[in-house]
Amino acid sequence: MSVTGAPRPRRPWKGLGRPRGQPSSEARAAYAPFLWLAVFFLVPFLLVAKLSLSDVVLAIPPYAPRLDWSAGLPGLIDFVRALDFEAYARMGQDGLYLAAYLSSLKFAAVATVILLLVGYPLAYGMAKCRPSVRQALLMAVILPFWTSFLIRVYAWIAILKPAGLLNMALAQIGLPPVDILNTDTAVYIGLVYAYLPFMVLPLYAVLERQEAGLLEAAADLGCTPFQSFWRVTFPLSLPGVAAGALLCFIPMVGEFVIPDLLGGSGTLMLGKTIWTEFFSNRDWPAASAVAIVLLATLVIPIVLFQRQQTKIMEQR
Amino acid sequence: MNAKTRLNIGAVRSSFAPWADPSAKPLVRFDQVTKRFGGETAVDAVSLDIYEGEFFALLGPSGCGKSTLMRMLAGFETPDLGRITLAGEDLAGRPPHLRPVNMMFQSYALFPHLTVAQNIAFGLRQQKKPRDEVAARVDEMLALVRLGGLAHRKPDQLSGGQKQRVALARAIAPKPRMLLLDEPLGALDRKLREETQFELMALQQRLGMTFLIVTHDQEEAMITADRIAVMRAGQLAQIGRPAEVYEAPNSRYVADFIGDVNLFEARVTEDDGDIIRLMSPEAPDGLEAIEDDEVPAGSTAWLAVRPEKMRVHLDPPPPGPNRLEGVVADIGYLGDWTTYLVELPGGRTIRAARANASRVVDRPVDWDDRVWLTFAPDSALVLTR
């Protein structure tokens with residue numbers, strides 16, 4: 001009898017137990033977030049993408065074509081044929097869209113820089129406090145979230161309006177009143193106010209984690225406190241700077257409520273443009289096209305943000 | 001003789017003793033230095049001189065104030081009372097970055113965003129040295145601690161031993177007047193720690209730099225230091241060469257902290273100037289010790305005997321002083337040494353250690369064997385506190 005004998009079955013486990021390729025219950029549980037994303041992000045995204053390829057009609061809903069399921073395959077072919085890039089083409093021709101687009105990026109970028117200048121010292125101060133005080137300050141940063149965002153922005157109207165709290169205070173100390181409401185300044189104030197926690201929290205997280213021994217080592221090697229900050233603290237906090245900046249910049253580009261309530265008629269921002277197209281002009285395809293372009297440009301900072309987050313997680 | 005020509009590593013540098021020279025000026029002087037944290041006195045009126053070229057160890061259990069003493073010299077803590085001078089200059093009010101001492105931290109505190117070379121260059125760049133001079137010094141330091149190939153690694157890509165050497169190189173690079181080492185080998189495993197102890201000594205010799213080490217590990221202090229200051233609860237218990245604090249401790253605390261010791265509480269019966277005789281219920285035949293210091297008869301004292309100075313007998317030796325009888329309760333075999341725990345009739349356990357000088361023994365001492373312990377009068381020490 002030969003030693004090699006009969007050929008070994010290539011996959012002895014085949015047909016035993018759970019068939020391969022079918023996920024276990026744990027593996028299925030891992031799909032839950034993807035299911036969530038599919039239902040609440042991918043499907044709406046596809047709906048908006050489809051809308052942006054449609055045409056405006058005077059009907060309810062105010063766009064065409066609509067997919068007629070009863071028409072079968074020919075109906076589907078007709079549906080796809082009726083889709084076009086007209087809304088995008090119109091966007092390219094109308095300079096207003098480009099202006100709104102650039103203006104949004106400018107608002108978001110400038111506000112991000114101001115947020116960094118305000119948020120960094122705040123986060124730094126918090127991280128330097130005694131742990132008991134730190135908890136209280138952290139609470140104070142998060143506390144505004146307990147009130148409606150809309151109410152907080154309305155409160156700024158009460159502060160900034162011509163006979164508002166700010167001008168009353170200025171009059172008290174004998175200074176001339178300022179007319180800020182419905183200007184870009186008011187939008188910047190609103191943006192910085194509303195997004196400050198999103199800047200402070202990631203900065204605080206990296207600063208608080210920094211080993212105190214590193215600053216002693218820097219001092220020991222000849223650094224003044226100021227030099228220690230620039231040579232050690234600041235470079236080590238850059239992941240937090242990046243995270244905070246992206247976390248604020250991304251949503252600020254599409255911000256609608258703040259420019260709408262605090263900005264003037266001249267304040268151009270994409271969020272407002274989308275709203276106008278949707279509700280005033282009833283041009284859903286145009287609104288959708290603007291939204292899709294906005295999303296496409298934000299993909300780059302979003303990817304950057306994700307990579308930054310992964311890096312921070314790996315450092316832990 | 002200066003530090004560079006020192007050859008007998010690990011032994012006492014008998015010719016190097018600036019502290020015995022009344023005309024010698026100390027490099028660092030702690031003068032009645034006191035530091036309190038809240039109600040706790042961490043350092044209590046400590047006076048201490050450290051001389052140029054010395055390898056000095058502050059030794060004590062955790063919380064004895066040794067780290068606080070060092071941190072006051074580095075400038076991270078301010079003394080409440082007293083004065084610290086470096087080369088005759090009062091350091092009061094001088095911030096850490098203006099003090100010509102560098103510290104190697106227990107946690108190493110390497111800058112995680114900088115490479116090994118950048119870490120080492122940190123202090124040099126702060127001194128505003130020209131670029132090529134910095135590069136040359138960094139290369140020199142990398143060679144000194146044998147990290148040549150790792151110049152461009154980040155700290156998180158290094159092993160514990162490598163990090164330790166980067167921390168050392170970074171602290172030495174700016175050529176401080178004095179190097180402070182805070183538990184420098186605490187995070188290393190035993191084998192590496194022993195090697196590094198000898199490396200540190202060799203390095204200190206080569207550089208001729210003054211080293212101050214803080215440690216709770218008596219072996220580390222004994223191996224590396226020229227002098228050891230044993231600390232207890234914020235005060236200095238004893239200062240001396242390693243052999244002095246081991247063979248001539250001035251108190252039960254020092255005797256017990258450095259190495260193992262058997263202590264017998266006894267009544268002094270006679271002091272004839274040379275030999276002191278004592279009585280203890282644990283030693284029916286009496287105790288004898290050779291001691292220069294006078295101890296009044298009738299007072300209570302403690303006779304201290306190190307385990308390795310005890311001889312273990314299986315046959316009863318002739319009766320006489322310094323003879324104890326007991327039963328072997330436990331045997332700790334360490335390879336090079338064997339430690340016997342011998343229970344005396346009173347119930348107390350005495351340690352005796354024997355070097356395993358040969359591989360085979362005629363009559364091994366076994367558990368529950370009746371044994372006799374003896375020691376020479378000049379191996380014992382009389383302590384009065």
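This is a predicted model: local features need pLDDT of at least 70, side-chain atom pairs count only at pLDDT 80 or more; totals for chains, interfaces and linings use all residues.
Residues are numbered from 1 along each chain as its sequence is written, and chains are lettered from A, with ligands numbered from 1, in the order in which they are written.

Trainee: How many helices and strands does chain B have?
Mentor: Helices (H or I, at least four residues) and strands (E, at least two) are DSSP runs, numbered from the N terminus. The C-alpha trace of chain B spans about 75 × 50 × 45 Å along its principal axes. Its secondary structure comes to 8 helices and 20 strands.

Trainee: What percentage of the residues of chain B count as buried?
Mentor: Burial is judged on C-beta atoms placed from the backbone: a residue with 20 or more others within 10 Å is buried, one with 12 or fewer is exposed, and those in between are partly exposed. Of the 385 residues of chain B, the buried ones make up 38%.

Trainee: Is helix 2 of chain B mostly covered or mostly uncovered?
Mentor: Helix 2 covers residues 116-126. Its buried residues, including B:Ala117, B:Ala121 and B:Leu124, pack against strand 6 (101-104), helix 3 (131-144) and helix 4 of chain B. With 8 of its 11 residues buried, helix 2 of chain B is mostly covered.

Trainee: How is helix 2 of chain B oriented to helix 4 of chain B?
Mentor: Axes are lines fitted to C-alpha atoms, for helices over the stretch in contact, and angles run from 0 to 180 degrees between N-to-C directions. Helix 2 and helix 4 (residues 160-172) of chain B pack at about 30°, their axes 7 Å apart. Angles under 35 degrees count as roughly parallel, over 145 as roughly antiparallel, 65 to 115 as roughly perpendicular and the rest as oblique. Helix 2 of chain B is therefore, relative to helix 4 of chain B, roughly parallel.

Trainee: Which residues of helix 4 of chain B meet helix 2 of chain B?
Mentor: Two residues are in contact if their C-beta atoms, placed from the backbone, lie within 7 Å. From helix 2 of chain B come B:Val116, B:Asn119, B:Ile120, B:Phe122 and B:Gly123. Across from them in helix 4 of chain B are B:Val166, B:Ala169 and B:Arg170.

Trainee: Which residues have the most contacts inside the largest nonpolar core?
Mentor: A nonpolar core is a set of buried Ala, Val, Leu, Ile, Met, Phe, Trp, Tyr and Cys residues joined through C-beta atoms within 7 Å. The largest has 105 residues. Leaving aside neighbours within four places in sequence, B:Leu303 touches B:Phe264 and B:Val382, among others. Those with the most contacts inside the core are B:Ile120, B:Leu180, B:Val230 and B:Leu303.

Trainee: Which helix gives the largest share of the side of chain A that touches chain B?
Mentor: The contact takes 14 residues from chain A and 17 residues from chain B. Helix 10 (212-220) and helix 11 (225-253) of chain A each supply at least two residues of the chain A side. The largest share, 6 residues, comes from helix 10 of chain A.

Trainee: Is A:Met252 buried or exposed?
Mentor: A:Met252 lies in helix 11 of chain A, and its C-alpha atom is separated by 7.9 Å from that of A:Phe107, 145 residues apart along the chain. Because A:Met252 has 26 other C-beta atoms within 10 Å, this residue is buried.
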